[in-house]
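Open the model in your viewer and keep the selection tool at hand. This tour goes stop by stop, saying what to select and what is there.

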Amino acid sequence: KTYTDYFFDEPAFDLHDGGYVPLEVSDAPAKPLNVPPLLKPDKETATDVYYTVTAEAGETQLLPGPKTKTWGYNASLLGQTIVYRRGQHVHVTLKNALPEVTTFHWHGADVSGPYVDGGCHAPVYPGESKQIDFTLDQPATTLWLHAHPCPETAEQVWHGLAAMVIVKDDHEESLPLPRNYGVDDIPVILQDRRFHENNQWDYRADYDPDGVAGPTVMINGTVNPYFDVTTQKVRLRFLNGANRREWRLHFSDDLPFTQIGGDGSLLPEPVSLTHLMMTCAERDEVIVDFGQYHEGDEVTLFTDDVPILKFRIHAFKPDHSRLPDKLFTVNAPAVDPALPIRHVVMQGMDESVAIDGKKFEMQRIDATQPIGRAQYWDVTNSNEAPGMVHPFHVHGTQFLVLSRNGHAPYPNEHGYKDTIGVNPGETVRLLVRFDLPGVYMYHCHILEHEDGGMMAQIETFDPSKPKQEYKLMDMDTL
Ligand code: C2O
Ligand code: CU
Ligand code: CU
């Protein structure tokens with residue numbers, strides 16, 4: 001079976017919003033898609049790996065004419081791609097070479113909050129560095145790194161502070177999947193920007209409390225990109241790295257593609273689709289089979305009706321490999337019957353956004369949960385139809401999506417996730433378990449909603465240990 005719809009509520013699509021910024025078909029010269037290089041470890045042993053990640057300012061040639069002032073991680077824009085191996089002890093030096101405070105948030109990583117996780121309680125001041133270390137015990141997937149200082153997350157990400165993180169493990173490597181990075185395994189970081197005078201970005205000028213958007217698509221920091229296809233099958237790691245924009249992806253000829261992974265793991269089974277909608281911060285891994293095309297053909301990726309990425313087909317060897325029917329086993333934890341259902345309500349629009357009637361307070365703990373025990377979270381978007389889809393994200397965990405308004409989740413939501421689009425008037429039931437004690441944020445991932453206060457935080461604890469103290473920043477000490 002091949003699914004042919006976007007699943008989400010059509011009247012809530014961002015393109016119906018009064019403030020929607022339509023995309024323009026780029027007239028910039030076509031350029032090869034930038035594939036961020038893999039970040040080289042400073043050192044690697046059998047058990048440990050050492051990286052340095054530097055947040056820095058630079059200039060990037062995005063359009064003909066003046067370069068654009070941009071920020072990035074070990075790069076002038078976005079970043080080098082970081083690879084972690086499950087079980088490996090990772091040491092990262094975080095360096096801030098920017099003129100202002102930032103944080104390094106590992107979105108989707110099972111690491112402890114509030115410091116290692118890099119939320120707003122983990123500032124790195126200009127000119128300073130910090131060391132963190134952790135060992136990931138989570139399945140192979142695609143995560144990302146982005147800035148998260150509150151309330152400047154949106155502006156810093158707009159400047160370019162976002163990079164892809166790939167987690168590898170033995171299981172994924174035992175499957176017949178493309179994994180030759182840059183050749184048949186490609187990051188696709190989807191973003192949009194508005195270019196002002198002299199090709200500069202101006203976040204303030206473009207500000208909208210419901211999310212900043214621009215008319216120009218930028219993929220991996222490339223405007224008007226094409227990709228040279230040299231293998232029959234190509235794996236695309238889509239990341240919605242936009243502040244606000246939803247992507248509704250489909251190919252020319254309605255070419256079907258196969259989704260193999262979501263935010264936090266492979267999917268239990270491959271899902272065949274012709275259309276795919278991504279809300280902010282979500283990742284979707286798909287495999288595109290170009291077998292029906294020939295050298296010289298061109299296949300186009302669209303969002304809505306706007307072409308955004310061209311695949312130029314070159315000669316390739318026929319690939320008769322078949323995807324296994326089973327990709328991944330979800331070991332769903334049993335819900336703990338002693339824990340009540342947690343209700344979380346995302347409410348409001350514009351400046352009035354809040355969670356459970358409150359705006360984010362850095363020093364307020366809004367909820368608690370024991371580690372190692374799974375709890376139902378019923379997450380509601382109280383906007384009335386047509387409203388907007390709020391992408392709900394929890395730090396420090398990968399959850400399972402159990403239902404949407406009592407119905408089955410969408411067919412491509414059966415793996416682990418850390419971000420889930422919630423339709424207006426909808427309640428999504430999640431099964432959430434934390435493995436590490438700490439303080440973790442949960443929020444809408446429209447970055448301006450998050451900065452605007454649609455965010456809260458939970459403290460997780462080990463009931464068998466004395467209560468821990470955390471140093472929580474506030475806006476003034478930051
Ligand atoms: Cu991408 Cu608070 O997260
Ligand atoms: Cu996060
Ligand atoms: Cu929102």
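Buried means under 20% relative accessible area, exposed means over 50%, and partly exposed is in between, with a 1.4 Å probe and protein chains only. This is a predicted model, in which local features need pLDDT of at least 70 and side-chain atom pairs count only at pLDDT 80 or more, while totals for chains, interfaces and linings use all residues. Residues are numbered from 1 along each chain as its sequence is written, chains are lettered from A and ligands numbered from 1 in the order in which they are written, and side-chain values use heavy atoms, with hydrogens and water left out.

**Stop 1: copper, ligand 2**

Select ligand 2. Which residues coordinate this copper ion? His 105 and His 393 do, each through NE2, at 1.9 to 2.0 Å. Strand β9 (residues 105-107) holds His 105 and strand β29 holds His 393, 288 residues apart. Strands (E, at least two residues) and helices (H or I, at least four) are DSSP runs, numbered from the N terminus. Donors are N, O and S atoms within 2.8 Å of the metal (3.2 Å for Na, K and Ca). Water is not among the atoms, so sites may look incomplete.

**Stop 2: copper, ligand 3**

Move to ligand 3. His 390 (ND1), Cys 444 (SG) and His 449 (ND1) coordinate this copper ion, at 2.0 to 2.2 Å. The donor spacing in sequence is H-x53-C-x4-H. His 390 sits in β29 and Cys 444 in β33 (residues 438-444), so this pair ties together parts 54 residues apart in sequence. His 390 has 0% relative accessibility and counts as buried. Cys 444 is likewise buried, at 0%.

**Stop 3: His 395**

Select His 395. It lies in the loop between β29 (390-394) and β30 (400-404). Is His 395 buried or exposed? His 395 is buried, with a relative accessible area of 0%. Show its contacts (heavy atoms within 4.5 Å). Leaving aside residues up to four places away in sequence, His 395 touches His 105, Asp 117, Gly 119, His 148, Phe 434, Tyr 440, Met 441 and His 443.

**Stop 4: cysteines**

Now select the cysteine sulfurs. A disulfide is a pair of cysteine sulfur atoms within 2.5 Å. By this rule the count is zero. Cys 120 is in no disulfide, and its nearest cysteine sulfur, that of Cys 150, is 3.2 Å away. Cys 120 is buried at 0%. Cys 280 is in no disulfide either; the nearest cysteine sulfur belongs to Cys 444, 7.5 Å away. Cys 280 is buried at 0% too.

**Stop 5: aromatic pairs**

Show the rings. Rings of Phe, Tyr and Trp (its six-membered ring) pair if their centres lie within 6.5 Å; planes under 30 degrees apart count as stacked, over 60 as edge-to-face and the rest as tilted. How many aromatic pairs does the whole structure hold? A search finds 22. One of them, Phe 8 with Tyr 410, is edge-to-face: 5.1 Å centre to centre, 75° between the planes. Phe 8 is in the loop between β1 and β2 (31-32) and Tyr 410 in the loop between β30 and β31 (419-422), so the pair ties together parts 402 residues apart in sequence. Both Phe 8 and Tyr 410 are buried.

Stay on Tyr 410. Arg 404 lies over its face, 3.9 Å from the ring centre. A charge sits over a ring if NZ of Lys or CZ of Arg is within 6 Å of the ring centre and within 35 degrees of the ring normal. Lys 43 does this with Tyr 50, 4.6 Å from the ring centre.

Next, select Phe 227, Phe 251, Phe 257, Phe 290 and Phe 311: ring pairs link them into a cluster.

**Stop 6: strands**

Select β7. Strand β7 runs parallel to β12 (residues 162-168), joined by four bridges. Two strands pair if DSSP finds at least two bridges between them. Tyr 84 has Val 167 as its bridge partner in β12.

Finish on the open sheet of eight strands, ordered β1-β20-β19-β22-β17-β13-β14-β15 with mixed pairing. Strands β1 (2-3) and β15 (222-223) stand at the edges with a single partner each, so one side of each has no neighbour in the sheet. Inspect β17 (residues 233-240) and β22 (residues 283-289), which pair antiparallel over seven bridges. Arg 237 stands opposite Glu 285 in β22.
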